[in-house]
Amino acid sequence: MLQRPRRRCEGTAMGAIVLDLRPGLGIGPFSLGMPICEAFAQIEHQPNLYDVVHVKYFDEEPLKLDIVISFPDHGFHLRFDPWSQRLRLIEIFDVKRLQMRYSTSLIGGPTTLATFVAVYALFGPTYPGIFDKDRGIYTLFYPGLSFAFPIPSQFTDCCHDGGVELPLEFPDGTTPVTCRVSIYDSSSGKKVGVGSLMDKASAPPLPTGSIYMEEVHVKLGEELYFTVGSQHIPFGASPQDVWTELGRPCGIHQKQVDQMVIHSASDLRPRTTICGDYFYNYFTRGLDILFDGQTHKIKKFVLHTNYPGHADFNSYIKCNFVIYCSDAIGGSFKDVNNSKQRVITPSTKWEQVKEILGDCGRAAIQTQGSASNPFGSTLVYGYQNIAFEQVMKNGYIATITLFQS
């Protein structure tokens with residue numbers, strides 16, 4: 001299946017950059033709550049500015065730890081919630097490498113030290129912060145913004161019961177310099193800083209009417225139900241029906257060859273026969289829809305989980321699907337929603353799928369070649385009306401294909 005060009009980050013430019021600081025909202029082009037694909041789009045848009053980019057994730061359990069996009073040359077990184085893949089926290093871990101502009105003033109970078117006195121003078125009065133005795137870190141909080149200052153051991157007595165007089169100056173006349181800046185959503189009222197305080201950051205609520213992470217409901221049974229949000233899209237629906245329910249697709253492309261036709265005993269077409277079928281790609285919903293080239297009716301739905309470590313990562317926004325197995329309950333979606341069993345979501349691992357649907361036997365091996373897919377091959381398991389592609393060796397599902405037998 002044809003994919004969008006893979007997002008790449010490349011360039012050669014070096015040196016300090018200046019980014020606008022927006023407390024509680026973001027920094028530069030990166031906004032709290034943005035999907036990870038939008039962050040990559042910003043990086044790709046300015047490859048000479050963001051010339052060195054590292055992507056970090058926990059390969060074995062990708063839902064346990066943040067997905068992190070790091071800019072080591074500029075001293076900051078972006079933390080994305082692993083489940084929703086939305087930006088929850090921005091951390092400047094080397095303030096000397098990144099110059100921030102707040103209103104018309106600059107702070108940080110190699111020329112403007114972000115001292116306690118300078119921060120207080122620029123951002124104004126605030127409540128006393130929190131002193132972490134174990135780390136020797138004092139954190140000063142503003143709405144959606146915090147500054148962490150290392151306190152030398154000989155001056156820890158300056159911090160009394162978690163509070164400190166402001167602005168902080170040590171007895172020798174010096175003032176601490178910021179070692180870390182955190183930008184986070186303040187709507188929950190939580191204070192976010194270093195250590196355990198970092199885990200309190202969460203992505204801001206989605207705006208009313210947003211379709212991001214809109215649930216896709218599927219019910220497996222004698223008749224296959226497929227519902228996106230409030231729109232019910234049956235197999236056999238026409239392109240016009242899909243446009244009406246989901247809007248204009250992000251892309252349309254012809255399916256060149258049907259790779260699975262060789263497995264069909266009833267289809268005697270040669271392997272090289274050009275297929276007239278075509279896809280509607282909804283990249284922003286994590287969804288593809290395949291139409292029959294002759295009847296122009298829906299044949300398949302393809303759902304993408306967008307897990308890092310898979311060749312398709314960042315080609316689609318994550319599809320938030322919920323698949324119900326109708327033999328576990330007796331009827332409607334309302335009944336299914338009340339059932340805690342036999343439900344498959346993007347967080348369901350392959351072993352759990354087998355417990356729900358039973359063992360389907362041997363898997364087919366799918367690979368795109370080592371040149372185009374450095375992550376290795378994946379396994380495809382088929383059941384009636386549904387096929388699962390397993391992500392590498394960690395047991396998570398990369399794509400699900402729905403079809404009518």
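Are arginine 88 and aspartate 66 buried or exposed? Arginine 88 is buried, and aspartate 66 is buried as well; buried denotes under 20% relative accessible area, exposed over 50%, and partly exposed the range in between (1.4 Å probe, protein chains only). The views below show a predicted model, in which local features need pLDDT of at least 70, side-chain atom pairs count only at pLDDT 80 or more, and totals for chains, interfaces and linings use all residues. Residues are numbered from 1 along each chain as its sequence is written, and side-chain values use heavy atoms, with hydrogens and water left out.

**View 1. Salt bridge between arginine 88 and aspartate 66.** The structure holds 11 salt bridges, each defined as a side-chain nitrogen of Lys or Arg within 4 Å of a carboxyl oxygen of Asp or Glu. In the pair shown here, the N to O distance is 2.6 Å. The bridge links distant parts of the chain, 22 residues apart: arginine 88 belongs to strand E7 (residues 87-92), and aspartate 66 to the loop between strand E4 (54-56) and strand E5 (67-71). Strands (E, at least two residues) and helices (H or I, at least four) are DSSP runs numbered from the N terminus.

**View 2. Surroundings of aspartate 66.** The relative accessibility of aspartate 66 is 14%. Its side chain makes a polar contact of 3.2 Å with that of arginine 79 and another of 2.6 Å with that of arginine 88. A polar contact is a pair of N or O atoms within 3.5 Å; within protein, one must be able to donate a hydrogen and the other to accept it, and residues adjacent in sequence count only if both atoms are side-chain atoms. Beyond neighbours within four places in sequence, the residues in contact with aspartate 66 (heavy atoms within 4.5 Å) include Lys56, Tyr57, Phe80, Asp81 and Pro82.

**View 3. Salt bridge between arginine 285 and glutamate 214.** The closest N and O atoms of this pair are 2.6 Å apart. Arginine 285 lies in the loop between strand E18 (278-282) and strand E19 (287-291), and glutamate 214 in the loop between strand E13 (180-184) and strand E14 (215-220), 71 residues apart. Arginine 285 is buried at 14% relative accessibility, whereas glutamate 214 is partly exposed at 25%.

**View 4. Salt bridge between aspartate 277 and lysine 299.** Here the closest N and O atoms are 2.8 Å apart. Aspartate 277 is in the loop between strand E17 (251-254) and E18, and lysine 299 is in strand E20 (residues 298-304), so the pair ties together parts 22 residues apart in sequence. Aspartate 277 is buried, at 6%, and lysine 299 is partly exposed, at 30%.
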